Amino acid sequence: MTNDRRLLRQTSFDLTTKVLRISWLYVLLLCALAAVGYTALYSAAGGSPEPFAARHVIRFATGLVIMVGVALVDIRFIARLAWPAYVVALGLLAAVLEIGHVGKGAQRWLDLGGLQLQPSELMKIALVLALAAWFHRASWERIGNPLFLIPPVIAVLLPVGLILKEPNLGTALITALVGAAVFFAAGVRWWKFLLVALPVPFAAKFAYEHLHDYQRARIDTFLNPESDPLGAGYNIIQSQIALGSGGMWGKGFLQGTQGHLDFLPEKQTDFIFTMIGEEFGLVGALAVMGLLCLIVLGGMLIALRCRHQFGRLVALGIAFNFFMYVFVNIAMVMGAIPVGGVPLPLVSHGGSAMITVMLGFGILMSVHVHRDVEFGEMPDRR
Amino acid sequence: MRRETRHAGVFTRRALLLMGGQVAVLGALAAKLYQVQVVEGARYTTMANENRISARMIAPPRGRILDRFGVPLAANRVNWRALLIAEQTNDVQATLDNFARIVPLADHERARLDREVHRHRRFIPVMVREFLTWDDMAAIEVNAPDLPGILVDVGTSRIYPFGEQFAHIIGYVAPPSEADVAEDPLLALPGIRIGRAGIESTQDQVLRGRAGAVQLEVNAVGRVIRELDRQEGLQGDEVGLAIDSGLQQAVLNRLAEESASAVVLDCRNGEVLAMVSNPSFDPSLFNSGVSQAQWVEWTKDRRTPLINKATAGLYAPGSTFKMAVALAGLESHAITPTERFSCPGHLDIGDTRFHCWRVGGHGSLDLRGGLKNSCDVYFYEVARRTGIDRIAAMANRLGMGTQLAIDLPEARNGLIPTREWRMGHGHAWNIGDTIVSGIGQGYIQVTPLQLATYAARLASGRALEPHLTRRIGNSLQPGARPETWPSLGLSERSLHIMREGMWAVVNEPGGTAPLARLPNGVQMAGKTGSAQVRRVSRELREHGHFNSAKLPWEYRPHALFVAFAPYDAPRYALAVVVEHGNAGAAAAAPVARDLMMSTLSRDPAGRNEPPGGPVAGGSILGATASSGTASSGALAGGTVADGPTAGGAVAGGAVGGAVSGRSVFGGPAAGGPAPGRTLTAQDAVPARPVP
């Protein structure tokens, strides 16, 4: 047993060791993704770094600094901040309902002196941290106890409810699913998921009847985009036309007609992936998807290599959150799920999402840097 | 420690499960992407191209219309236009202010511009001013830096170099109506014009040409990004008319201020060499829009400038009709050329007395004498013997009261009454109706073009149709060759008697039209006619105070003349109608003489022959005779049918008011028998080598 390397735990590292333990390969992957974003935004501006691509670089650089900075913060310190962060994020979510700005139907943000902050983005990270902290100290038997699951379920439902009230159905669903992923990884029994999943169809029907008109329109146009080709279905149809006309090899860099002639709406934000698909074809789109997949799986590997439950759950939650972004965005531009205003992280134009995502990757990297630290169970509060 | 291992085990299993799920989901998305981009790629490519490529047609230049010698009668002129693109200037008003300093803009133009600039998207050009002069253009170019957003553009517009001289023949063009566009979407092109009258209308398809196409790349809001492909349109074919523009002008000059019409035909093939309806209008005004004042002036003018009186003016032919009556009598053997009738100055049928124009009568006359003196009583008798239906059939055969194949829209058919037609109107045919028909009065109405055709058919013996179009593109139309036209099937002997009578009218002492004699030695054959527009009351006539020259203008009779020349080798036929000219011999015959002189001296049909071809009347002098010698001595053709009262039982009341352009009866006359289709040796025209 003493030969087991996993048992050779350290309590702390010096700064140089920490920097060396950062997975620079993973950082390289993120830089590659940001470069894809730069290229696509350069094209989206009609072949110019202004106004999107140049700012994208600055934001990514800022994000990178934040990420590395956070990566060096001891994961145990972050764990102590988990619940306070959750409470702050919840407060921001409540505040945004009162004083937030509304744009494009539902996305609410707070204006923090020029920086637009979407509390729901922050909330997802805080929720992952809080749930990981909750399950970190839980034994297998305890997780089996339904009563033990009540507080974390409430911790999920509170923000989901607030986000639904914004109302932002897409983000609410992603938040719920990210929470569920952490529950699942923590070892909550299979049948409990089934128990929750079973009434979902009925709940969905009930929810559909109580949705806002624009939300219902999204679902309707998803089911039949051609029903309203100039209205709600326009975005989906034009996005599909752009992707489809790209073909196998694409129309070439800066040659995308759908994007450059403004048929493609919001090409620099939600539909950036479509730009890539149109100009670089299936080959380019699959390459970007491969890169995204590597980043997701890399995050999951970091979770698997971590030697403490908190780190595992946090890494998994953040990787899963990233995966959900990717899935929802790409499925949306292909018309596979209703349009939901979810950007493609590190590629789409937009400041708040970039900073939040890089903050998440910072925490992920902190897990990696501190994967071997001595981090037992949290003191039992009972 | 054991708990930690257990945690790790459960976590690893479930994390791997999630990873598998994630890979599977992304794989599914990749498969969907493959379907969209590769499987359905072609369909989406088409849709993308439909999105971005906007195919637009370019209006082709309209074909020109030329006279027989290639003089352009309708052409296109470059139309320089100044356009404003609002988005290319920061201050639309400042640009327009600067523009107005170069080319003054009226207040209503500024108001229209403001409206249009606000109504359209900012990148759509708005027309500031059309038909810029070269100087304006130069000034705009020089001041271009002060005129941001102003763009100079070139289009074409239709011009008529001769203005109103050819208005009734050429017609005019106007922007297509919505109904036209529904028929042919091509007409929706900006700048395209459609023929609305005249040759512009009948040859519209030929003149229109084929539209070009330009493929433009447009963005989502329709702004043109660039031009991908351009195919220039094909200009419409040139239409060459038989008209001689020089002769047309000579005819116009001769008619001067009269409300009159004249048609000159090549009597071998029916080509219209000149067709004048005086006064006329300026057709180019229709291109840009006719002002209210101008419209009122045209429609209030009793000389009806807008109506082509040559094809749509209806007149009683009067004594010019007598050859048709005589031919009907001869061909049906109701009369013989030598049979003599006595004219005591009147003919009594029942209790109605029909007067001859010469008080006291002509005495005993044969057919030649009847024609020469235009004796009414002689033709009352011929008509009585022949019967209206034979007369009508002959008139139709000679081109009157029937539809001619003239290539002009809205040519009227006139009317030759028959028993059947009268029955159709619920009346029995009276013998009096036949009697007045014998002198071309009563219900009979013909157009000047029909009269000219009548003269040409008498001269040639061929069933030729008058036509304007001689050439389309480079191909001569078949009608230009005389042998295209079949014989009328009338006996050469009968026709010869008609021609001889007409020769005597002009050239023999005692003929009714001495004023029509040509001063150059060429012999013209002709016939006078006067058509009453108002009944003459018995009182006026019996008191001897009747003098139609003293009537108000609009009540005076129309003066008519039909003629052909040279007599021995007919080449040109003409008809002249001077509205309210009073008497054919005095008002129309001198005009006919001068027109024939002009025609012979210009000799348009002869000049068009290839070198070496024979030219009729080669010795014709260039000078036209002065018309100042007209004497008022010969008062011919003033035929009067003296009826009891309006609606009387007998024919007297049948003199219909025939004013140009307004017909009492809209219906076509009963059709005569088809002209004979066989070519016989009786061909009136001496054989002439035809290239």
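**Exercise 1. Determine the handedness of the crossing of H4(A) and H7(A), and describe the contact between these helices.**

Step 1. The crossing of H4(A) and H7(A) is left-handed, a term used if the near helix is turned anticlockwise from the far one by less than a right angle, whereas clockwise gives right-handed. The model is predicted, so local features need pLDDT of at least 70 and side-chain atom pairs count only at pLDDT 80 or more, while totals for chains, interfaces and linings use all residues. Residues are numbered from 1 along each chain as its sequence is written, chains are lettered from A and ligands numbered from 1 in the order in which they are written, and side-chain values use heavy atoms, with hydrogens and water left out.

Step 2. The axes of helix H4 (residues 75-99) of chain A and helix H7 (residues 146-165) of chain A come within 9 Å and cross at roughly 20 degrees; helices here are DSSP runs (H or I) of at least four residues and strands (E) of at least two, numbered from the N terminus. Axes are lines fitted to C-alpha atoms, for helices over the stretch in contact, and angles run from 0 to 180 degrees between N-to-C directions.

Step 3. H4(A) is therefore roughly parallel to H7(A), since angles under 35 degrees count as roughly parallel, over 145 as roughly antiparallel, 65 to 115 as roughly perpendicular and the rest as oblique.

Step 4. Contact means heavy atoms within 4.5 Å, and among the residues that make it are Trp83(A) and Tyr86(A) of H4(A) and Ile154(A) and Lys165(A) of H7(A).

**Exercise 2. Find how much of helix H16 of chain B is buried, and describe the residue just after it.**

Step 1. In helix H16 (residues 376-386) of chain B, nine of the eleven residues are buried, where buried means under 20% relative accessible area, exposed over 50% and partly exposed in between (1.4 Å probe, protein chains only).

Step 2. The buried residues include Asp376(B), Tyr380(B), Glu381(B) and Thr386(B).

Step 3. Just after H16(B), Gly387(B) has a positive phi of about 90 degrees.
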